[in-house]
Amino acid sequence: MTAQPVLDFHVRLAPRPGARERLLDALGECGLARAVVCAGGTIDLDRLSRQLVTGGHVETDADNDAVAAACAGTDGRLVPFFFANPHRPAEAYRSRAAEFRGLEISPAVHGVALTDPRVAGLVAVAAEFDHPVYVVCLDRPGAGVADLVGLSRRFPRVSFVLGHSGIGNIDLYALTLIQDEPNISLETSGGYTCVAEAALRRLGDGRVVFGSEYPLQHPAVELAKFQALRLPPDQWRRVAWDNAHRLLGEEKR
């Protein structure tokens with residue numbers, strides 16, 4: 001891969017002092033020009049890992065205020081996404097939507113199914129504001145990739161991004177499920193190189209976006225995954241830069 005700008009489509013802002021500065025330092029260390037930022041720390045990792053296996057949820061609000069404040073004054077280098085809590089009315093998102101560039105929904109954290117009317121209400125607001133919707137799916141009724149497909153068909157004009165290469169690190173089945181859904185792209189953090197390679201082949205390089213899930217995964221690790229694939233420069237530019245800007249509704253920068 002040739003040197004070129006990279007937009008990391010999925011990082012989190014840790015709820016600790018100095019998190020913004022550490023994030024910017026990590027981006028600079030890895031040569032990442034921009035990043036989409038969602039709130040982190042809504043649930044502690046031990047509880048999250050238990051919920052992923054046994055179920056459960058929290059009703060805690062993400063710190064969207066901290067995300068908005070951290071992204072302000074960065075001249076677009078940090079791009080804020082609103083981490084919605086479906087246990088709150090959709091108006092909580094609508095009233096703040098103009099401050100953000102996209103929406104995240106996570107059944108893994110809040111436990112609300114993608115088939116739930118509350119989630120549809122949030123996506124309807126995203127449609128009003130032309131926000132892309134980043135979704136974390138689970139191997140659980142109502143929260144799977146097939147359920148995301150159903151949601152995307154209800155809102156064909158909304159751009160959805162399936163996070164973390166689907167469910168687990170080798171979810172080739174997710175690619176099969178979303179292959180014929182043009183408004184669903186794949187964000188590649190966490191998945192094996194075989195999944196990234198298959199995504200490029202099955203979905204096309206216009207529907208794959210680079211992401212790291214910093215600080216849980218260092219961006220250098222995710223960059224190494226694509227370095228191992230030895231993509232042609234034009235294909236890497238689409239994955240690392242162009243596709244993300246299209247999802248954000250921006251001209252190529």
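Two strands are taken to pair if DSSP finds at least two bridges between them. In this predicted model, strand β1 (residues 7–13) pairs with β2 in the parallel sense, over 5 bridges. Within this pairing, C38 of β2 is the bridge partner of R12.

Strand β2 (residues 34–39) is largely enclosed by the rest of the structure, because 6 of its 6 residues are buried, that is, under 20% relative accessible area. R34, V36 and C38 point one way from the strand, whereas A35, V37 and A39 point the other way; all are buried.

The largest nonpolar core comprises 89 residues. Those touching the most other members are F9, L103, F160, L162 and W236. Leaving aside residues up to four places away in sequence, F160 touches V123, V133, V135, L148, L151, S152, F155, N183, I184 and S185.

The largest pocket holds about 770 Å³ of space. Its lining consists of 36 residues, and R12, L48, H164, E213 and L216 lie nearest the centre of the pocket. At least two lining residues come from each of β1, α2 (45–54) and α5 (107–110). Helix α2 gives the most to this lining, with 3 residues.

How values were computed:
Residues are numbered from 1 along each chain as its sequence is written. This is a predicted model: local features need pLDDT of at least 70, side-chain atom pairs count only at pLDDT 80 or more; totals for chains, interfaces and linings use all residues. Side-chain values use heavy atoms; hydrogens and water are left out. Buried means under 20% relative accessible area, exposed over 50%, partly exposed in between (1.4 Å probe, protein chains only). Helices (H or I, at least four residues) and strands (E, at least two) are DSSP runs, numbered from the N terminus. A nonpolar core is a set of buried Ala, Val, Leu, Ile, Met, Phe, Trp, Tyr and Cys residues joined through side-chain atoms within 4.5 Å. Contact means heavy atoms within 4.5 Å. On a 1 Å grid over the protein atoms alone, a cavity is a set of points where a 1.4 Å probe fits but cannot get out, and a pocket is an open set with protein on both sides within 12 Å along at least five of seven lines; lining residues have an atom within 4 Å of a point. Grid points are joined across faces, edges and corners, and a volume is the space filled by probe spheres set on the points.
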